[in-house]
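Here are some worked exercises on helix packing and ring contacts. Grab your viewer and try each task before reading its solution.

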Amino acid sequence: MTPPRAGLRLSTLIWGVAFLALTMSAVLSPATDSGVVGVTVLGFVLTGLAVAIDAISGREARRPEDVAFLTSVLAAFAAVEVFGLVVAQGENESRQAIWFAAALGFAASGILASWRGGGSDGSVAAQLFFHGVMVVPAIAPIGKLAVRSFGSPEAISAFGVAGPVAKLLLVIDGIAMPPLFAGLLFALAHDLSTRDETRSPIWPSLLIHQAAYVVIALRWSYDGL
């Protein structure tokens, strides 16, 4: 029994160091486009490693009854994020394009984590909260499309392009991010404190990655996203 425990402790220590490095990078990296991309890519690398380790471990995936529902909801969020990404690229809003591209990556990771073993109720709720915040800037291009189709000339003129409106909506995201960060940490702490051999290790990686992204994205938005 001793070797497995030692291996478990070593793997836990390694993951702890990796998660700490990701967290520190979110705090210390410059709040610039390249800084946000760097933290986001680092987090996806760690999540990818968690996926690979989970796949080769031979652990039998436990698909919860609501996996189809969660997949559908995350796919719907992803569709909105794709729309926001396309509009942002079309208007040369590179920062907003980065925002939506990161959101798409998180949606894909959430779907994968769900099918590999599901998550606790707190983890699922955190995903819905996270993507609810991430799609807020997409209200601007959706609203722009709506007023162009059904609005008056005055409304069309007032709305202008989606970019400036999306920047104003990011203020709402800034207000929502602190409770989102707290929710992600609460879900992570709950999952780590509850022993569940059937739960995928992808979930802790995803949650800490999202928390780290919230930290640098909040700094980034204050810097004029």
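**Exercise 1. How many aromatic pairs does the structure hold, and which residues do ring pairs link into a cluster?**

Solution. Keep in mind that you're working on a predicted model.

- Step 1: count the pairs. The structure holds 3 aromatic pairs.
- Step 2: take F106 with F130. Their ring centres sit 5.0 Å apart with 75° between the planes, an edge-to-face pair. The label follows because planes over 60 degrees apart count as edge-to-face.
- Step 3: F106 belongs to helix α4 and F130 to helix α5 (residues 121-134), so the pair ties together parts 24 residues apart in sequence. Both F106 and F130 are buried.
- Step 4: take F106 with Y213. This pair is edge-to-face too, at 5.4 Å centre to centre and 65° between the planes. It links distant parts of the chain, with F106 in helix α4 and Y213 in helix α9 (residues 202-222), 107 residues apart.
- Step 5: check burial, where the cut-off is under 20% relative accessible area. F106 comes out at 0%, so F106 is buried. Y213 has 1% relative accessibility, so Y213 is buried as well.
- Step 6: Ring pairs link F44, F106, F130 and Y213.

**Exercise 2. Are α2 and α4 roughly parallel or roughly antiparallel, and which residues meet?**

Solution. Two packed helices are described by the angle between their axes and the distance between the axes, so start there.

- Step 1: get the geometry. The axes of helix α2 (residues 33-56) and helix α4 (residues 94-117) come within 11 Å, crossing at roughly 15°.
- Step 2: classify the angle. Anything under 35 degrees counts as roughly parallel, and α2 and α4 are therefore roughly parallel to each other.
- Step 3: get the hand. α2 passes α4 in a left-handed crossing.
- Step 4: list the contacts. From α2 you have D33, V36, V37, T40, F44, T47, V51, D54 and A55, and they meet S94, R95, I98, A102, G105, F106, S109, L112 and R116 in α4.

**Exercise 3. What are the angle and the distance between the axes of α4 and α5, and how do the contact residues divide?**

Solution. 

- Step 1: read off the geometry. α4 and α5 pack at an angle of about 160°, and their axes are 10 Å apart.
- Step 2: classify. That makes α4 roughly antiparallel to α5, as angles over 145 degrees count that way.
- Step 3: The crossing of α4 past α5 is left-handed.
- Step 4: list who meets whom. W99, F100, A103, F106 and A107 in α4 meet F130, H131, V133 and M134 in α5.
- Step 5: sort them. The contact has 8 nonpolar residues, 1 polar and no charged.

**Exercise 4. How do α3 and α5 cross, and which residues make the contact?**

Solution. 

- Step 1: the axes of helix α3 (residues 67-90) and α5 come within 10 Å and cross at roughly 15°. α3 and α5 are therefore roughly parallel.
- Step 2: the crossing of α3 and α5 is left-handed.
- Step 3: α3 brings L70, V73, L74, F77 and E81, while α5 brings V124, L128, H131, G132 and M134.
- Step 4: these residues divide into 7 nonpolar, 2 polar and 1 charged.

**Exercise 5. Is I208 buried or exposed, and is N92 buried or exposed?**

Solution. 

- Step 1: I208 sits in helix α9. Its relative accessibility is 10%, so I208 counts as buried.
- Step 2: look at the surroundings of I208. Leaving aside neighbours within four places in sequence, I208 is in contact with F19, L22, T23 and L188. The C-alpha atoms of I208 and L188 are separated by 7.2 Å, with the two residues 20 apart along the chain.
- Step 3: move to N92, in the loop between α3 and α4. With a relative accessible area of 69%, N92 is exposed.
- Step 4: check the backbone of N92. Its phi is near 60°, a positive value in a residue other than glycine.

**Exercise 6. How many helices and strands does the chain have, and what percentage of its residues is buried?**

Solution. 

- Step 1: the secondary structure comes to 9 helices and 0 strands.
- Step 2: buried residues make up 44% of the 225 residues in the chain.
- Step 3: for contacts with a separation of 6 or more, residues 24 or more positions apart account for 84%.

Key. Residues are numbered from 1 along each chain as its sequence is written. This is a predicted model: local features need pLDDT of at least 70, side-chain atom pairs count only at pLDDT 80 or more; totals for chains, interfaces and linings use all residues. Side-chain values use heavy atoms; hydrogens and water are left out. Axes are lines fitted to C-alpha atoms, for helices over the stretch in contact, and angles run from 0 to 180 degrees between N-to-C directions. Helices (H or I, at least four residues) and strands (E, at least two) are DSSP runs, numbered from the N terminus. Angles under 35 degrees count as roughly parallel, over 145 as roughly antiparallel, 65 to 115 as roughly perpendicular and the rest as oblique. A crossing is left-handed if the near helix is turned anticlockwise from the far one by less than a right angle, and right-handed if clockwise. Contact means heavy atoms within 4.5 Å. Rings of Phe, Tyr and Trp (its six-membered ring) pair if their centres lie within 6.5 Å; planes under 30 degrees apart count as stacked, over 60 as edge-to-face and the rest as tilted. Buried means under 20% relative accessible area, exposed over 50%, partly exposed in between (1.4 Å probe, protein chains only). Ala, Val, Leu, Ile, Met, Phe, Trp, Tyr, Cys and Pro count as nonpolar, Asp, Glu, Lys and Arg as charged, and the others, Gly among them, as polar.
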